[in-house]
Amino acid sequence: MNAQRHFQIQVTNRQQAFSVPEGELLLHAMEKACQQAIQVGCRGGGCGLCKIKVLEGAFHTKRMSKAHINEHEAEAGFALACRVFPESDLVIESDYFNDLSTQQTA
Ligand code: FES
């Protein structure tokens, strides 16, 4: 029997959590779990809407456009959730597209 591993993803700024089966894309798994912790756009690495910062944990990514994630950002843990495969439990922050996290609505 092959028991598939699952990784727990904590989204600190949204105070939400969901699990991702090993080998599955982070954003895809979030949508399957009916969560809205990360903004969803093109699902293909083109729009940058799903930009996150990984605070803790291991992951690898498919190729990401430097227009959305430059080298310095990649080194700092920024990634596009639609291109991220978790390799361990992760602690992340979402809402980095155009720095929406700092915008306040009255
Ligand atoms: S959803 Fe568009 S880049 Fe991830």
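This report describes the fold, the sheet and the confidence of one predicted protein model.

## Basis of the model

The structure is a predicted model, in which local features require a pLDDT of at least 70, side-chain atom pairs count only at pLDDT 80 or more, and totals for chains, interfaces and linings use all residues. Residues are numbered from 1 along each chain as its sequence is written.

## Confidence

The mean pLDDT of the protein is 92, and 91% of the residues score at least 70; pLDDT is the predictor's confidence in each residue, on a scale from 0 to 100. Over residues 100-106 the pLDDT stays under 50, and for this stretch the model has four contacts beyond four places in sequence. Two residues are in contact if their C-beta atoms, placed from the backbone, lie within 7 Å. Where pLDDT is low, the predicted coordinates should not be read in detail.

## Overall architecture

The protein contains two helices and seven strands, arranged from the N terminus as β-β-α-β-β-α-β-β-β. Helices (H or I, at least four residues) and strands (E, at least two) are DSSP runs, numbered from the N terminus. The radius of gyration is 13 Å, close to the 13 Å that the globule rule gives for 106 residues, so the protein is as compact as a globular protein of that length. This radius is taken over C-alpha atoms, and the globule rule is 2.2 Å times the number of residues to the power 0.38.

Along its principal axes, the C-alpha trace spans about 50 × 30 × 25 Å. Among contacts with a separation of 6 or more, 56% join residues 24 or more positions apart.

## The five-stranded sheet

Five strands form an open sheet in the order S2-S1-S7-S3-S5, with mixed pairing. Strands S2 and S5 (78-80) stand at the edges with a single partner strand each, so one side of each is left without a neighbour in the sheet. Two strands count as paired if DSSP finds at least two bridges between them.

Strand S1 (residues 6-11) pairs with strand S2 (residues 16-21) in the antiparallel sense, over six bridges. His6 has Pro21 of S2 as its bridge partner, while Val11 stands opposite Gln16 in S2. The two strands form a hairpin with four residues between them, and Gln15 in the turn has a positive phi of about 50 degrees.
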